[in-house]
Amino acid sequence: MANQIIYTREAPEPIGPYSQAVLAGNTLYVSGQIALDADTGELINENITEETHAVMKNLEAVLRAADFTFHDIVKCTIFIKSMDEFGTINEAYGQYFKANPPARETVEVSKLPKNVNVEISCIAVK
C-alpha cells in the first residue's frame, strides 16, 4: 500500500518541507493548518474567533481534497499561544463537531509558525 500525498489549492501552500496531508490506507494525516488565506497567503487574524474559523476552513479544504469530512476525524491536536484563549477557540472549534466530537488535546506553546495564535492538525479515518 503506497501512501498518497494530498494537495489542494483551496488550502494554503505548505510553508516548509511537508505535505498538506498524507493518505495511508484509509487513514488521513492532515498537517497543522494555520489561518492563511489560500488565495493571497495573508494571515487571517483580526481576532481569535476569526482565526480559528480560518484554520478550520483550511482543514476542511484538505479533508475535502481527500474525499473526507469533519465526521471522519478521529483525533485533533490544537496548539495555542495562550490558554487564556482556550474558551474562545473551543467555542469556534466546537461549531464543526455538533455530535460525537473527536479525541483531542490542546497544548499551549511559546510560538507558532508566522506568529499565529492557533494551529490545528487532525487524523481522519474512513
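R64 is partly exposed, because its relative accessible area is 45% and partly exposed covers the range between buried (under 20%) and exposed (over 50%), computed with a 1.4 Å probe on protein chains only. R64 forms a salt bridge with E10, with 2.7 Å between the closest N and O atoms; a salt bridge here is a side-chain nitrogen of Lys or Arg within 4 Å of a carboxyl oxygen of Asp or Glu. The pair links distant parts of the chain, since E10 is in the loop between β1 (4-6) and β2 while R64 is in helix α1, 54 residues apart. Helices (H or I, at least four residues) and strands (E, at least two) are DSSP runs, numbered from the N terminus. E10 also counts as partly exposed, at 48% relative accessibility.

This is a predicted model, in which local features need pLDDT of at least 70 and side-chain atom pairs count only at pLDDT 80 or more, while totals for chains, interfaces and linings use all residues. Residues are numbered from 1 along each chain as its sequence is written, and side-chain values use heavy atoms, with hydrogens and water left out.

The structure holds three salt bridges. Side chains of opposite charge can pair when their charged atoms come close. K75 is partly exposed at 25% relative accessible area, and E105 is partly exposed at 30%.

Another salt bridge is formed by the side chains of K126 and D67, at 3.8 Å from N to O. K126 is in the segment after β6 and D67 in the loop between α1 and β4, 59 residues apart, and the pair links these distant parts of the chain. D67 is exposed, with a relative accessible area of 58%. K126 also lies over the face of F68, at 5.1 Å from the ring centre; a charge sits over a ring if NZ of Lys or CZ of Arg is within 6 Å of the ring centre and within 35 degrees of the ring normal.

The backbone at D67 deserves a look as well. Most residues other than glycine have a negative phi. D67 is not a glycine, yet its phi is positive, near 65 degrees. N115, also not a glycine, has a positive phi of about 60 degrees. N115 lies in the loop between β5 and β6 (118-125) and is partly exposed, with a relative accessible area of 44%.

The strands come next. Strands pair if DSSP finds at least two bridges between them. Strand β2 (residues 21-24) pairs with strand β3 (residues 27-33) in the antiparallel sense over four bridges, and A21 has V30 in β3 as its bridge partner. These two strands form a hairpin with two residues between them, and G25 in the turn has a positive phi of about 65 degrees. β3 also pairs with β6 in the antiparallel sense, over five bridges; there, the bridge partner of L28 is A124 in β6.

In soluble globular proteins, nonpolar side chains tend to be buried together. A nonpolar core is a set of buried Ala, Val, Leu, Ile, Met, Phe, Trp, Tyr and Cys residues joined through side-chain atoms within 4.5 Å. The largest core has 30 residues, of which L28, L63 and I120 touch the most other members. The elements giving two or more residues to this core are β2, β3, α1, β4, α2 and β6, and α1 gives the most, with eight. Apart from neighbours within four places in sequence, the residues in contact with L28 (heavy atoms within 4.5 Å) include I6, L63, F68 and C122.

Three aromatic pairs are found in the whole structure. Rings of Phe, Tyr and Trp (its six-membered ring) pair if their centres lie within 6.5 Å, and planes under 30 degrees apart count as stacked, over 60 as edge-to-face and the rest as tilted. The pair of F70 and F97 is edge-to-face, because the ring centres are 5.5 Å apart and the planes are at 80 degrees. F70 is buried at 11% relative accessibility, and F97 is buried at 9%. The rings of Y93 and F97 have centres 4.9 Å apart and planes at 45 degrees, so this pair is tilted. Ring pairs link F70, Y93, Y96 and F97 into a cluster. Y93 is buried, with a relative accessible area of 4%, and R104 lies over the face of Y93, at 4.8 Å from the ring centre.
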